[in-house]
Amino acid sequence: MSLTIYGQQLNSRLLIGSALYASPEVMKRAILASGSQVVTLSLKRQNPSEKSGAQIWQYIQEIVSSVDGYLLPNTAGCRTAQEVFTLAQMSREIFQTDWIKLETIGDDYNLQPDPIELLKATEMLIKAGFKVLPYCTDDLVICQRLWDLGCEVIMPWASPIGTGKGLMNPYNLETIRMRLPEATLILDAGIGKPSDACLAMEMGYDGILLNSAVALADNPVAMAQAFSGAINAGEQAYVAGIMSERQTAQASTPTLDTPFWHQPSVK
């Protein structure tokens with residue numbers, strides 16, 4: 001089944017980042033292997049006035065165009081709503097897109113989003129016509145506030161960015177899914193291995209956004225393929241309907257009405 005983000009239908013439920021790769025060529029091969037149609041890129045960490053920054057942006061745009069995909073500029077490194085808003089306006093002008101991955105960092109240790117600035121920035125961006133994809137923690141109330149402000153897509157973390165710790169709080173993530181049934185929920189940050197992504201999809205999440213888990217793998221191209229398969233498997237399992245857990249064992253072959261033969265004792 002396809003994923004819909006702000007009215008755009010995508011063939012893949014994997015969104016992928018463009019940072020940390022050993023080379024632009026490895027990045028390209030990994031993105032293509034993933035099947036993703038949405039690629040994130042950072043404005044703040046590359047200076048558009050520098051030739052190298054402009055070249056890598058153009059290279060990423062060419063990759064995205066080749067898969068009929070979408071750029072998702074992000075506001076990584078921003079701390080205040082005003083800083084976010086200024087960068088988002090620049091992004092819209094440079095890349096001709098009103099999609100924006102919203103990040104407002106509040107702590108340098110675990111790069112946890114600042115919830116106060118996040119909500120302020122969200123309100124400002126939506127009023128200015130942006131289609132906001134906010135990165136947040138697995139806090140139900142913050143996710144509800146983002147939904148109330150008009151975010152069709154919400155992206156709670158699995159664990160802090162780049163840690164690879166996987167799903168730290170499955171209960172929180174399941175609760176967000178249950179309480180926001182109409183929202184498009186994309187798990188963002190902290191995914192370490194394909195089984196993490198599969199588990200989130202089995203919970204009913206709509207997609208996965210990741211970067212480090214692929215870019216820092218020994219073989220990024222093979223890992224991108226592994227994640228693609230895991231996400232598909234998890235989504236198919238959710239649609240199929242996963243059996244409920246039981247407290248006691250239950251034989252797969254029932255004994256009721258099954259004939260038994262008396263075995264003579266051995267003397």
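Mentor: K101 counts as buried, at 7% relative accessibility. Keep in mind that this is a predicted model.

Trainee: Which residue does the K101 side chain meet in a salt bridge?

Mentor: E103, at 3.2 Å from N to O. E103 is buried because its relative accessible area is 6%, and the cut-off is under 20%. The pair belongs to a network of salt bridges that links K101, E103 and D188.

Trainee: How many salt bridges are there by this rule?

Mentor: The count comes to 9. Take K127 and E123, whose closest N and O atoms are 3.6 Å apart. Both residues lie in helix α4, 4 residues apart, or about one turn of the helix. K127 is exposed at 68%, while E123 is partly exposed at 39%. Another bridge joins D196 and K193 at 3.3 Å. D196 is buried at 8%, but K193 is partly exposed at 43%.

Trainee: At what angle do α3 and α4 pack?

Mentor: The angle is about 35°, with the axes 8 Å apart. The crossing is right-handed. Among the residues that meet are V84 and F85 in α3, and M124 and L125 in α4. The contact divides into 7 nonpolar, 1 polar and 2 charged residues.

Trainee: How many residues does the largest nonpolar core have?

Mentor: Start with the general idea. Nonpolar side chains tend to be buried together in soluble globular proteins. Here the largest nonpolar core has 71 residues. Helix α3, residues 81-95, gives the largest share of this core, with 6 residues. I5, L125, I154, L187 and I208 have the most contacts inside the core. Leaving aside residues up to four places away in sequence, L187 touches residues including W157, L167, Y205 and I208.

Definitions and conventions
Residues are numbered from 1 along each chain as its sequence is written. This is a predicted model: local features need pLDDT of at least 70, side-chain atom pairs count only at pLDDT 80 or more; totals for chains, interfaces and linings use all residues. Side-chain values use heavy atoms; hydrogens and water are left out. A nonpolar core is a set of buried Ala, Val, Leu, Ile, Met, Phe, Trp, Tyr and Cys residues joined through side-chain atoms within 4.5 Å. Buried means under 20% relative accessible area, exposed over 50%, partly exposed in between (1.4 Å probe, protein chains only). Helices (H or I, at least four residues) and strands (E, at least two) are DSSP runs, numbered from the N terminus. Contact means heavy atoms within 4.5 Å. Axes are lines fitted to C-alpha atoms, for helices over the stretch in contact, and angles run from 0 to 180 degrees between N-to-C directions. A crossing is left-handed if the near helix is turned anticlockwise from the far one by less than a right angle, and right-handed if clockwise. Ala, Val, Leu, Ile, Met, Phe, Trp, Tyr, Cys and Pro count as nonpolar, Asp, Glu, Lys and Arg as charged, and the others, Gly among them, as polar. A salt bridge is a side-chain nitrogen of Lys or Arg within 4 Å of a carboxyl oxygen of Asp or Glu.
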